[in-house]
Amino acid sequence: MKNIAVYCGSSTGNQDIYTTSAQDLGHWLVQNNYGLTYGGGNNGLMNVVANSVLSDNGFVHGIITQQLFDRHLAHTNLAKLDIVPTMSERKEAMLQDSIANIALPGGPGTLEEISEAFSWTIIGVSTHPCIFYNVNHYYDKLESFFDEMVDQGFMVTETRRTLLFSDSLTEIYNFIQSYTPPKLRKYQK
């Protein structure tokens, strides 16, 4: 089975649409024969998406740090739970265990993890698509900022096109199926 890494908040936000969308994403994963790889948590949208996959008898692989596990923050009903020493090792393990990366709404950790995943595709360490599931226009300003990177010469248009912002699971599915990683950048001296 192919897994998709999902990054999301350890809280649910203050609008029901975030919880509903996390549930929808979990059901969508199972319907499309994907497993879930995520941070292994038992709180917030992380818990919601995991429970949604589990309710459909889907596969869930949690990867959590020892520190968070020791604080009893791990989901206890997963098909597989790996405990790793550091956040860096967790992020690397999540990337290695997945064929795509999707960010639901979340806080700084969510943003940092999906941004690192996209950075790794840019430099050629990873070949996996990165997607912001733009529920309730949550990532609109970030999408504009990525466009500004192109406008200001810090990213080429072709690379920017390999990062999707969408609130449509159909569009996300099609993006994953037709994805081509960005070409490695040529540097001039």
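**Note on packing and sheet order**

1. Leaving aside neighbours within four places in sequence, Leu25 is in contact with Val6, Val49, Ile102, Leu104, Tyr133 and Leu169 (contact means heavy atoms within 4.5 Å). The model is predicted: local features need pLDDT of at least 70 and side-chain atom pairs count only at pLDDT 80 or more, while totals for chains, interfaces and linings use all residues. Residues are numbered from 1 along each chain as its sequence is written, and side-chain values use heavy atoms, with hydrogens and water left out.

2. Leu25 also belongs to the largest nonpolar core, which has 32 residues; Ile4, Leu25, Trp28, Leu36, Leu104 and Ile172 have the most contacts inside it. A nonpolar core is a set of buried Ala, Val, Leu, Ile, Met, Phe, Trp, Tyr and Cys residues joined through side-chain atoms within 4.5 Å, where buried means under 20% relative accessible area with a 1.4 Å probe, protein chains only. Two or more residues come from each of β1, α1, β2, α2, β6 and α8 (169-178); helices (H or I, at least four residues) and strands (E, at least two) are DSSP runs, numbered from the N terminus. The most, 7 residues, come from α2.

3. Apart from this core lies another, of 20 residues, including Tyr7, Phe146, Met155 and Phe165.

4. Helix α1 (residues 16-31) and helix α2 (residues 44-55) have axes that come within 8 Å and cross at roughly 35 degrees. Axes are lines fitted to C-alpha atoms, for helices over the stretch in contact, and angles run from 0 to 180 degrees between N-to-C directions. By class, the contact of α1 with α2 has 9 nonpolar, 6 polar and no charged residues; Ala, Val, Leu, Ile, Met, Phe, Trp, Tyr, Cys and Pro count as nonpolar, Asp, Glu, Lys and Arg as charged, and the others, Gly among them, as polar.

5. The 7 strands of an open sheet are ordered β4-β3-β2-β1-β5-β6-β7, with parallel pairing (two strands pair if DSSP finds at least two bridges between them). Strands β4 (80-84) and β7 are the edges, each pairing on one side only.

How values were computed
Buried means under 20% relative accessible area, exposed over 50%, partly exposed in between (1.4 Å probe, protein chains only).
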